[in-house]
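Q: Can you walk me through this structure? I'd like to start with charges, then the overall fold, then a couple of residues.

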Amino acid sequence: MKHILIVFFLLVSSQLLAQNKYSVRGTIEDKKNGETVIGATVYLEGTSIGAMTNEYGFFSLTAPEGTYQLVISYIGYEEIRTEVVLNANQTLDFEITESRTSLEEVVVTADGSERVNIREPQMGVTQLKAETIKQMPAVLGEVDLIKSIQMLPGVTQNGEGSAGFNVRGGAADQNLVLLDEAIIYNTSHFFGFFSVFNSDAIKDIKLYKGDMPSKFGGRVSSVLDVRQKDGNSKNFGLTGGIGVISSRLTAEGPLFNKKGSFLVAGRSSYAHLFTPAIEELKNDKISFYDLNLKANYEINENNRVYLSGYFGRDIFNIGNFLDNNYGNFSGNLRWNHVFNDKLFSNLSLIYSKYDYQVVLDFVQLDWIADIQNQHLKYDFGYYASDKLKLDFGLSGINYRLNPGEVSPTSETSPINYLKLDQKRAFEGGIYASAEHKLTDKLTARYGLRYSTFSRLGGQNIADYENNQPVVYNEDLGIYEEGEIIGETFYKKGKSIKNFGNLEPRLGLAYQLNDNASVKASYTRAAQYLHLLSNTSSVTPLDVWTPSGPYIKPQLSNQYAVGYYRKFNDNAFSLEVEAYYKDVENRIDYVDGSDLIGTNTIETEILNGEARAYGLEILLRKNKGKFTGWLAYTLSKSEQRALGGSAGGPGINDGKWYNTPFDRTHDLSLTGAYKLSDKWTFSTNLVFQTGRPVTYPNGQYEYEDLSIASYSLRNEDRLPAYHRLDVSAIYRPQNKKDRRWQGEWVFGIYNVYNRRNAASISFNQNEETGINEATRLSIFGIIPSITYNFKF
């Protein structure tokens, strides 16, 4: 560690001694609403000196003394040019105006601006604006952020009605999802039909598929960084929409004499209002709602505070059979401080919670569980020179996991009260990284993160014979629970098990010419929380568990190379990336496991490893009446779990087997055509290789019953998944000076009514006694209509 830090500071020290240079810093805002602009390009014309605004619209440039033409550029906005005389450090704030032709340009960018992306060393990063997502067709007319990113290369789903998303062959729990820096543990409404993100409240979405910045930790696959709008600091306004099953309303406006602003966004479904009219559903209730809140206040030009929050809930009731509700809650208090022209900081105090409740009326059982964390982080950005920018900081997360509390709902219930042990842990991290322009053509981003994790006491930990929670029974050919020989109680605050990992990150970009570059990257990451599931999709009942005495942290290494090119003045762009990723300590469940209601979850799993590799191609058309992109991914995702110290052959006889989210081919086409000022048409076309599953390969008779025997794990596949969606947006001829602006959105999901298989189950026909296969499909063709408005 010591030698690495010495090398790091030797690399940057020469840049800190630059003489006769001055800085210009400031903030870029949208002139219309005062929203800070993320990813705007600020550069000195005729030089290679430039920067991009950070998550709070802040920038800083350093250049030798002289007179320059300062240019501010952002896709979809008018370019600003102004002369600056650098003979002293100065502060310049700018407001940019939306371009009249912006509706003709696609607003999806790679890391903010194509002008900078050619040189930027970061790979596998895609940024989306909410306007892009709103143009895409969506199921039941509800705009969906998660479904939108699944149209990008390297990002897949587990089928219709599935929660979460998978990135480069990784599991859903390997994605770090952040909403205004707060962790979101479950991203779904309606069990995956919709996401928790209200597009009217979202300003910026950035997905890191591989080359994660050093400031992010805790997950080994990807980071989805979602930023809420700050609120309109110029005027009060309302935005909303009325759809088939849900409606939404957002209010925003200035506060404190325009020194601050607020945003309140609510969304609710009303499907439960119609179920009484349907005989089969008259006793059922299905609904969701969520609320986004945000406010900020500028104390002075160097200090601003933010307060943001999210609350969402799903309610699912099926007659007298099942009651289920689950949801996320988060809050974040932030303080931005500018120390001087070169040093920017952000201090955040964050709280996140995910909880769920299941009531099974037929057995009179009530189950509640939750996971929550308190998070303190302090991040700094130091703009050392025109060739060097440093980022560094530290963070600490305190976890409390309540895996379940079971109660009887009546005195006659056969269920006994059970409270599983609460689990506590603390995760710490410290990082430093640099973006370093080594030559006019070569730029590097290098950094180091050191993470620690402590499993804390407050519970009993089982002691097993020979320290083996799982043992192999050779006579039966199955894995069984190890023999418990005692328990050890650890007091609250006492460490049960400690881990520490170095996580180096490196990215290189070599600019071949003004329009092309090649890149390479390496990322190592550690993950200390695990989501245990024996289903293919995230469900509310999945169990989060921390690393500890018997469960090791996941450790990943990802290597990537890429080629990037833009054509015809950025009218077209091409991105090609190849990657290889390996993951140590990827756990998987043993056959016949029971992951619910146990204090000894380690007896149901085996440690293993995973690997994924693939090729991603993204071709985009960025300008003109027709805009969009074509994405293709060729990939493989596998894992294996050997018996190890538990003995036996392991899962699947110790052979590599497909992960549940392996998709060999993934092709998607997204396009939007602006016919006129009134009409815009868009379409999605999706094709994916079927999801891996395990089918029966034979049967035998037992007590007059036909019992199926199964093939090796994930050896078979569901049929290929494909569908076509279309939508049309009609904007009446609204006068520009009229405050009320409206539009109609007409959509058809799954135009040719493809009955894609969500699952295929095998059961015995009660009348014939023959085993049968039953195919479950979630959606056929679904038309929708939505009215959106602004005031």
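**Charges, fold and two residues**

A: Charges first, then. The protein chain carries 81 positive and 91 negative side chains. The centres of the two sets lie 9 Å apart. Keep in mind that this is a predicted model.

Q: How many helices and strands does the protein chain have?
A: The protein chain has four helices and 55 strands.

Q: What does the radius of gyration say about the chain?
A: The protein chain has a radius of gyration of 27 Å. A compact globule with 791 residues would have one near 28 Å, so the value agrees with that.

Q: And what does the C-alpha trace span along its principal axes?
A: The span is about 90 × 65 × 50 Å.

Q: What share of the residues is buried?
A: Buried residues make up 56% of the 791 in the protein chain.

Q: Which share of contacts joins residues at least 24 apart?
A: Take the contacts between residues at least 6 apart in sequence. Of these, 66% join residues at least 24 apart.

Q: Switching to single residues. Where is Ser222?
A: Ser222 is in strand S17, which covers residues 222–228.

Q: Is Ser222 buried or exposed?
A: Buried. Ser222 counts as buried because its relative accessibility is 0%, and the cut-off for buried is under 20%.

Q: What does Ser222 touch?
A: Leave out residues up to four places away in sequence. Ser222 then touches Phe165, Val167, Gln174, Asn175, Leu176, Leu207, Tyr208, Lys209 and Met212.

Q: Which side chain makes a polar contact with that of Ser222?
A: The side chain of Asn175 does, at 2.7 Å.

Q: How far is Ser222 from Pro649?
A: Ser222 and Pro649 are 427 residues apart in sequence. In space, they are 32 Å apart, C-alpha to C-alpha.

Q: Okay, next residue. Where is Thr689?
A: Thr689 sits in the loop between strand S46 (679–688) and strand S47 (692–693).

Q: Is Thr689 buried or exposed?
A: Buried. Thr689 has a relative accessible area of 14%, and buried means under 20%.

Q: What does the side chain of Thr689 reach?
A: The side chain of Thr689 reaches the backbone nitrogen of His665 at 2.9 Å.

Q: And which residues does Thr689 touch?
A: Again, skip residues up to four places away in sequence. Thr689 touches Arg663, Thr664, His665, Arg717 and Ala720.

How values were computed. Residues are numbered from 1 along each chain as its sequence is written. This is a predicted model: local features need pLDDT of at least 70, side-chain atom pairs count only at pLDDT 80 or more; totals for chains, interfaces and linings use all residues. Side-chain values use heavy atoms; hydrogens and water are left out. Helices (H or I, at least four residues) and strands (E, at least two) are DSSP runs, numbered from the N terminus. Buried means under 20% relative accessible area, exposed over 50%, partly exposed in between (1.4 Å probe, protein chains only). A polar contact is a pair of N or O atoms within 3.5 Å; within protein, one must be able to donate a hydrogen and the other to accept it, and residues adjacent in sequence count only if both atoms are side-chain atoms. Contact means heavy atoms within 4.5 Å. The radius of gyration is taken over C-alpha atoms; the globule rule is 2.2 Å times the number of residues to the power 0.38. Lys and Arg count as positive and Asp and Glu as negative; His and the chain ends are not counted. The place of a charge is taken as NZ of Lys, CZ of Arg, CG of Asp or CD of Glu.
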